[in-house]
Amino acid sequence: MLIIENSTELLQEALSEAEAFAQESRHEFLTPEHLLWAVAQQEQFQKACPDSEECKRAQDSLQEYLEKYLPVVPDDMDCQVAPSQHLGKVVNAAFVALEGAYGRLLDVTHVIQVMMMQEDSYCSKILAQIHGGNKGLFMSHLVTEYESEGIEEKHEEGADTPEKKGEWEKYVTCLNDNVDCYNPLVGRKEELERTVQILSRKDKNNPLHVGEPGVGKTAIAYGLAAMIENEEVPECIAGSRVYALDLGALIAGTSYRGEFEKRLKSVLDGVEETGNAILYIDEIHNIIGAGRMDQGSLDAGNIMKPYLADGTVRVIGATTYEEYNKNFIRDKAFSRRFEMVPILEPSIDDCVEILNGIKGRYEDFHHVAFTDEAIKYAVTASAKFITGRYLPDKAVDLLDEAGAWRKLHPTQDAVQTVDKKLVAEVLAKICKVDILAEDKDDLQRLVDLDKRIKAQIFGQDKAVREVSEAVQMAGTGLIDDNKPMGSLLFVGPTGVGKTEVAKVLAAELGVPLIRFDMSEYAEKHTVAKLIGSPAGYVGYDDGGLLTDAIRKTPHCVLLLDELEKAHQNIYNILLQVMDYAMLTNNKGQKADFRHAVIIMTTNAGAQFAKQSIGFANTSTAGSVMMKSVKRTFKPEFLNRLTAITVFNDMDRSMAERILEKKLQHLSDKLKAKNITLRLSDEAKQLLLEKGFSAEYGGREIDRVITSMLKPLLMRSILRGETMNGNVVEVIVEDSNLKIKA
């Protein structure tokens, strides 16, 4: 017996009838014509036919075709009916139609729809005879008949239940019946009172909960249903049933015009007839435009307006501020039938109370126990470190993650405990950051931050100290919570270690370094790329480079290299970043800079620093450049900086240490090939003589090593003179470097 998985009973019955007919007629293959013959015998199909006499004639023609034109297996041979290739294509195409209509089960209507589309088949000819050229009307009747049959089957299955569900209840979920499945509502007393007050009105009794994602809008609807069940509400809404509209189920399978509107009206009529029902629509902004096929047709919002205006149907809607302003408010006639109830993000204390109220459900699920310290830390740490999301949702998620981790990694203790340390470890993985300043171990890491940086940056002790102090100040919580961890301007000539300090700082903090070369933003129009182009301009959909980078990686060291080369408009963008640690992109999304260390470098005035003024000039290049910095940057920009760090000029001592560091890096690369590099003192001095330059800084040392030392090593390795395990000694001969034989 052939079976089509994920199909309705009526379709499976038709397939069985078709197979039995083909077997009885001794046909070798089961074709679409057999299936259409079986479907045509069904009462639902016959009711959908516009002309019963024409339908009967079409059935006779189909049976005549099957008996006359299909080959028959001889009596002396075994007859095993197999599905034809054509039937397989019809069923596959029907499943594609099902998927496009977001349906769940393959029905007779999907198969008939595919048969009608195959104009070169005999099935389409028979169906054309039946519908008489009006495909849409015939399919609409067919859908209605088979849909109602499905509802009757469900009613028969639940005949022993005290109440039979109406058709409209297929598209809603009663929250009163599932109050034990949701977290209890904690707090939100004012919002609940305001919601109940609006529901008690005679007209326009429709509350609209507007708030950011994750603040608990949906929880209020569930909490209201629980209060109704517990008889904790005023008499005006006592005994009410709260139904959540399933917009996906409402749209699914509506492949023909009018089906969606019919379903929505059935829901509204059902709620109206019930009398004490409240319809809850989450993401209500999706209603506006739903079901509209062209400019002249009605959408779901227009269909609902008469019900909302006279107060016969009470609706609670929920949406975000962004969607409210973008979509909801545009339909003035629809939006004025609602009364907005702002749902604000709860405070830290309120959120702790919420988590204490719901932690029991998570403890039972994960079989763990949350400590009071872990609850409080989950709230405070998620508020500080998880950006772009809102309390209490992000705190609940953090607690849930910690409970799941402990369940997967149990301890030897009788009670599996989730403490503050575990929550901090889970948070560190979520944020992709190694340092959480609340922990003593992390504070200890900040204590010797300057020493660790000085070990890698030479001759810039003052600059390193100022950078370290800015980060330490932020780590101990002594700065304004609404400012970046640090906004530093590095001033100095090229090659003295400005960019290197940023790299080392990022490595020591365990956060990524995000670098922007500001010379790329010299033109006015290029500055818009950082926050995104305005609507209507090229690149609008790409978003902002800077805002997107910070939204993805809020914990970072942000390096804006050679700032003075950017257009003046860049300073206006940076003012709000340094002042409020926020930047809004072209789509209204906010990037949070509170956990970023912003480092800006500048070579402004480098050309003046090279000029000696008078005899015995004692001014450093950095101090001379500071005068140019004050002329280049506006006072309001300089006033918002945490520190302006002047880097020292390159001296011989600094050059020696940089040379040692660069040679060590080269030596480490050769060690990977099991080759040991040794340089004589004379070779090092030669490199130093050639590489020391106060004008070009440490980069000149790189160039000298690349031009004088590395080519020697390269040729030696390529010729096979330097083999695995060799010691390579570099000496000076005739004022040039040479590998000792």
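Tutor: A helix crossing is left-handed if the near helix is turned anticlockwise from the far one by less than a right angle, and right-handed if clockwise. The model discussed here is predicted: local features need pLDDT of at least 70, side-chain atom pairs count only at pLDDT 80 or more, and totals for chains, interfaces and linings use all residues. Residues are numbered from 1 along each chain as its sequence is written, and side-chain values use heavy atoms, with hydrogens and water left out.

Student: Is the crossing of α2 and α4 left-handed or right-handed?

Tutor: α2 passes α4 in a left-handed crossing. Helices (H or I, at least four residues) and strands (E, at least two) are DSSP runs numbered from the N terminus. Axes are lines fitted to C-alpha atoms, for helices over the stretch in contact, with angles from 0 to 180 degrees between N-to-C directions. The axes of α2 (residues 32-40) and α4 (residues 52-69) come within 10 Å and cross at roughly 145°.

Student: Which residues of α2 and α4 meet?

Tutor: Contact means heavy atoms within 4.5 Å. From α2, Glu33, His34, Leu36, Trp37 and Ala40 meet Gln59, Leu62, Gln63, Tyr65 and Leu66 of α4. The residues of this contact comprise 6 nonpolar, 3 polar and 1 charged; Ala, Val, Leu, Ile, Met, Phe, Trp, Tyr, Cys and Pro count as nonpolar, Asp, Glu, Lys and Arg as charged, and the others, Gly among them, as polar.

Student: How many helices and strands does the protein have, and what percentage of its residues is buried?

Tutor: The protein has 32 helices and 20 strands. Buried means under 20% relative accessible area, exposed over 50%, and partly exposed in between (1.4 Å probe, protein chains only). Of the 741 residues, 47% are buried. Among contacts with a separation of 6 or more, 73% join residues 24 or more positions apart.

Student: Is Phe633 buried or exposed?

Tutor: Phe633 is buried, because its relative accessible area is 1%. Phe633 sits in the loop between α28 (621-632) and α29 (635-639). Leaving aside residues up to four places away in sequence, Phe633 touches Leu489, Leu563, Glu564, Tyr571, Thr602 and Leu638. Glu564 is 69 residues from Phe633 along the chain, yet their C-alpha atoms are separated by 8.2 Å.

Student: In what order do β18, β19 and β20 form their sheet?

Tutor: Two strands pair if DSSP finds at least two bridges between them. The 3 strands form an open sheet in the order β18-β19-β20, with mixed pairing. The edge strands, each pairing on one side only, are β18 (676-679) and β20 (736-739). Neighbouring strands of this sheet are turned by 25° against each other on average, direction ignored. β18 and β19 (residues 727-733) run parallel and are joined by 4 bridges; Thr676 has Val727 in β19 as its bridge partner. Helix α31 (residues 681-691) lies across β18, β19 and β20, running at about 65° to β19.

Student: Where is Lys204, and what is its phi?

Tutor: Lys204 occupies the loop between α9 (189-199) and β4 (207-210). Although Lys204 is not a glycine, its phi is positive, about 50°. With a relative accessible area of 29%, Lys204 is partly exposed. Glu283, also not a glycine, has a positive phi of about 50°. Glu283 is in the loop between β6 (277-282) and α13 (300-309) and counts as partly exposed because its relative accessibility is 35%.
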